[in-house]
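Biologist: Please take one part of this model and go through it closely, contact by contact. I would like to start with how two parts of a chain pack together, and then move on to the contacts between chains.

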Amino acid sequence: MHNELATIESNEQISSIYQQMVLSAPLIAKDCHPGQFINILPDPKWTHVMRRPMSIASQSNGKISIIYKVVGEGTSILNNLKPGDSLDIIGPLGNYWTDFDTDYPVLLAGGVGIAPILYLHDHLLIKKIPHHLIMGTRTKDEHFFKEKTNASIVLTTDDGSYGIRGSVINALDSIVSGKNSSVIFFACGPSPMLNAVNRFATDKNINCYLALETLMACGFGICQGCAIEITNNSAISQTYRNQYALVCADGPIFDGKDIPLC
Amino acid sequence: MLTIRIGNLTFASPVLTASGTFGYGDEVSDLVNVDLLGGIVTKSVTLHPREGNPPPRISETPFGMLNSIGLANVGVEKFCKEKLPKFKKMDTHVFVNIAGYAIGDYVETLERIEVEDSTISGYEINVSCPNVKKGGMQFGVDPKLTEQLTRALRDKTDKILILKLSPNVTKIEDIAQAAVAGGADMISAINTVVGMGIDIATRRPSLNTVFGGLSGPAIKPIALANIHKIYKSVSVPIIGIGGISSAKDAIEFMLAGADLVQVGTSNFINPAIGINIISELKSYCEKENIKSLHDIKGKLEYQ
Ligand SMILES: Cc1cc2nc3c(=O)[nH]c(=O)nc-3n(C[C@H](O)[C@H](O)[C@H](O)COP(=O)(O)OP(=O)(O)OC[C@H]3O[C@@H](n4cnc5c(N)ncnc54)[C@H](O)[C@@H]3O)c2cc1C
Ligand SMILES: Cc1cc2nc3c(=O)[nH]c(=O)nc-3n(C[C@H](O)[C@H](O)[C@H](O)COP(=O)(O)O)c2cc1C
Ligand code: FES
């Protein structure tokens with residue numbers, strides 16, 4: 001874990017509602033893994049008492065990036081930052097995805113949940129691990145995939161304006177049934193989507209790892225504010241907790257089996 | 001110049017970190033050299049492990065936050081095995097914060113720690129806990145109970161005993177005097193202020209427990225008033241807590257009557273904030289030609 005004063009390399013709109021910020025942060029870039037996040041101080045004069053957590057969306061050559069949606073004060077400040085400005089960040093935080101060597105990975109991203117999934121996608125490409133990536137947004141103009149889509153990259157839209165109509169779940173059946181070997185899911189997105197992915201995985205007995213979000217005060221296991229209810233304590237690093245896990249320290253990646261379905 | 005002597009303890013600086021906002025000092029070791037702090041206060045330790053309250057446990061408020069963590073902690077047994085030995089490597093004062101639900105809980109917890117050969121400097125007693133034997137009324141709202149609790153603990157330790165007071169009382173002076181009568185070496189204040197938040201879209205409270213504890217810069221004026229009242233009523237050393245995020249804040253507490261301060265919620269924005277405040281205090285003393293920060297204790301000027 002480092003507290004680094006990163007330099008902004010670029011900060012651009014990449015689709016109708018998403019921004020990508022590339023940061024030069026050599027210490028964090030050297031240590032981070034797909035699924036981890038950073039905790040951002042949007043402004044040195046920030047008067048809120050909590051930083052703003054963001055998933056790491058890419059890592060290379062001493063640089064990391066984040067992909068974010070402007071939803072409030074913190075993200076508006078980020079949106080106004082310019083190349084050359086500096087940003088106080090703490091990271092890398094949380095656990096990360098592993099186990100992509102045995103089963104066939106299917107990556108699922110909903111909305112801004114694409115950030116950690118893109119990083120995992122890059123990582124698997126570098127390691128030459130074949131996999132599928134399914135990304136869903138509400139409409140066409142929210143998509144930003146520059147890469148030429150190919151058979152293993154599937155895009156969906158809620159309104160059917162691009163790719164497959166419906167949620168990422170609508171794209172899952174054909175992919176999963178077309179595979180002889182067993183598959184494994186890695187997913188990040190809004191709660192209803194994660195719940196649907198988890199349900200699908202449970203029904204078909206597929207391993208599934210979800211990246212969760214909660215409000216966070218400290219970001220590294222001190223305040224105990226980011227607790228979520230869990231059904232199983234395999235996820236927990238400190239054994240006194242059976243009923244709750246900390247998203248920042250025990251997660252943000254959880255085995256779907258530990259997360260209650262709703 | 002920043003050195004403060006209290007009893008037989010020497011604090012290299014007057015800035016400590018507050019319970020529940022700095023873990024056990026080891027989690028932050030990547031980011032902060034805890035030896036530069038005047039001391040650290042641990043998360044509250046209870047007799048038995050506690051899972052804590054159901055989520056949501058925190059929410060942001062203007063210049064502050066609400067929490068209802070529910071004293072989630074490993075329990076004294078695991079604390080003695082896993083946390084206590086780590087303090088041996090730290091060259092700063094460590095105070096173990098103890099919470100309980102009956103006087104017996106506090107006493108047993110303290111006795112369990114006393115048995116260990118440890119390097120801790122003392123205990124901070126969190127009296128903002130419901131007393132299950134008295135219908136859930138908090139220890140810290142009743143002077144008699146506060147005195148009884150303090151005396152019971154005083155009998156069991158020669159280490160520094162700090163009573164951490166709650167602002168959610170009618171007359172904090174009475175509680176402070178009761179703590180001193182029971183044998184407290186120091187008073188720290190304040191713990192969080194009762195508060196609540198509401199989400200109008202869902203019409204639900206922002207915390208699962210409905211009521212929670214407000215902390216951060218929003219509570220600084222409340223904390224200052226309480227420190228000044230305590231200063232006016234007891235002569236033991238005082239630790240000021242509540243919304244401190246700069247040397248200026250720390251100096252305000254000292255002028256109101258504090259000897260030392262603790263930094264809480266501000267650690268979440270910057271885990272090194274305590275150390276930053278220490279260097280700012282040093283510059284302040286140099287600039288103002290202050291030989292010892294003790295010289296400004298209670299030097300608030302008014303008729
Ligand atoms: C581990 C993790 C990874 C995340 N990754 C991304 C990402 O890659 N891209 C992205 O756009 N967003 C991500 N988020 C969500 C992001 O943190 C919030 O959108 C951001 O904090 C909003 O800040 P704001 O000041 O702009 O909005 P506010 O006005 O403060 O709040 C707007 C909304 O954001 C949520 N929020 C506010 N503060 C926090 C916080 N400290 N933690 C979590 N949620 C919060 C609130 O519930 C609220 O609904 C992530 C959150 C977590 C916990
Ligand atoms: C998340 C959180 C957890 C806390 N946990 C404890 C605790 O376990 N025991 C305790 O005595 N005080 C606890 N406190 C109170 C702080 O130690 C401090 O008294 C209070 O927050 C006011 O100071 P501040 O405004 O600087 O945070 C906690 C505060 C917060 C924000
Ligand atoms: S955010 Fe503080 S423990 Fe997770």
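Modeller: Between domain 2 of chain A and domain 3 of chain A, seven residue pairs are in polar contact, counting pairs with both residues at pLDDT 80 or more. The model is a predicted one, and the values here are computed from it. On the side of domain 2 of chain A that touches domain 3 of chain A, the elements giving two or more residues are α5 (191-203) and β13 (207-211) of chain A. The largest share of that side, five residues, comes from α5(A). Sorted by class, the side of domain 2 of chain A that touches domain 3 of chain A holds five nonpolar, four polar and one charged residues.

The domain assignment of chain A places domain 1 at 2-93, domain 2 at 97-210 and domain 3 at 212-262. The C-alpha centres of domain 2 of chain A and domain 3 of chain A are 23 Å apart. In terms of contacts, ten residues of domain 2 of chain A meet eleven residues of domain 3 of chain A. Interface size is often expressed as the accessible area lost when the parts come together. For domain 2 of chain A and domain 3 of chain A, about 980 Å² is buried between them, with 53% of it on carbon and sulfur atoms. Within domain 2 of chain A, the residues that lose the most area to domain 3 of chain A are A:Asn195, A:Asn198 and A:Leu210, which together account for 45% of what that side buries.

Next, the contact between the chains. Here 34 residues of chain B are in contact with 31 residues of chain A. The two chains bury about 2,700 Å² between them, and 63% of it lies on carbon and sulfur atoms. On the side of chain B, B:Glu51, B:Glu60 and B:Ile269 lose the most area to chain A, together 26% of what that side buries. The count between chain B and chain A is one salt bridge. A:Arg52 and B:Glu60 meet through their side chains in a salt bridge, at 2.8 Å from N to O. There are also eight residue pairs in polar contact between chain B and chain A, both residues at pLDDT 80 or more. The elements that give two or more residues to the side of chain B that touches chain A are β5 (58-61), β6 (64-67), α1 (76-83) and α7 (266-269) of chain B. Of these, β5(B) gives the most, with three residues. By class, that side of chain B has 16 nonpolar, ten polar and eight charged residues.

A:Gln243 sits in the loop between β14 (227-229) and β15 (244-246) of chain A. Apart from its neighbours within four places in sequence, A:Gln243 is in contact with A:Ile228, A:Glu229, A:Ile230 and B:Glu51. The side chain of A:Gln243 also makes a polar contact with the side chain of A:Tyr244, at 3.5 Å. A:Gln243 counts as partly exposed because its relative accessibility is 36%, which falls between the 20% and 50% limits. The C-alpha atoms of A:Gln243 and A:Gly256 are 13 residues apart along the chain and separated by 15 Å.

B:Thr109 belongs to helix α2 (residues 103-115) of chain B. B:Thr109 counts as buried because its relative accessible area is 0%, where the limit is under 20%. Not counting residues up to four places away in sequence, B:Thr109 touches B:Val45, B:Thr46, B:Leu47, B:Val76 and B:Ile98. B:Thr109 and B:Ile98 are eleven residues apart in sequence, with their C-alpha atoms 7.3 Å apart in space.

Helix α6 (residues 247-256) of chain B is largely enclosed by the rest of the structure, because seven of its ten residues are buried. Those buried residues are B:Ala247, B:Asp249, B:Ala250, B:Ile251, B:Phe253, B:Met254 and B:Ala256. Their cover includes α5 (220-233), β17 (238-241), β18 (260-263) and α8 (273-288) of chain B. After α6(B) comes B:Gly257, which has a positive phi, near 135°.

Conventions: Residues numbered from 1 in each chain as written. Chains lettered and ligands numbered in written order. Predicted model: local features only at pLDDT ≥ 70, side-chain atom pairs only at ≥ 80, totals over all residues. Heavy atoms only, no water. Domains from an automatic or database assignment. Contact = heavy atoms within 4.5 Å. Buried area = accessible area lost by both parts, 1.4 Å probe. Polar contact = N/O pair within 3.5 Å; in protein donor to acceptor, adjacent residues only side chain to side chain. Helix = DSSP H or I, 4+ residues; strand = E, 2+ residues; numbered from the N terminus. Nonpolar A, V, L, I, M, F, W, Y, C, P; charged D, E, K, R; others polar. Salt bridge = Lys/Arg side-chain N within 4 Å of Asp/Glu carboxyl O. Buried < 20%, exposed > 50% of the residue type's maximum accessible area, 1.4 Å probe, protein only.
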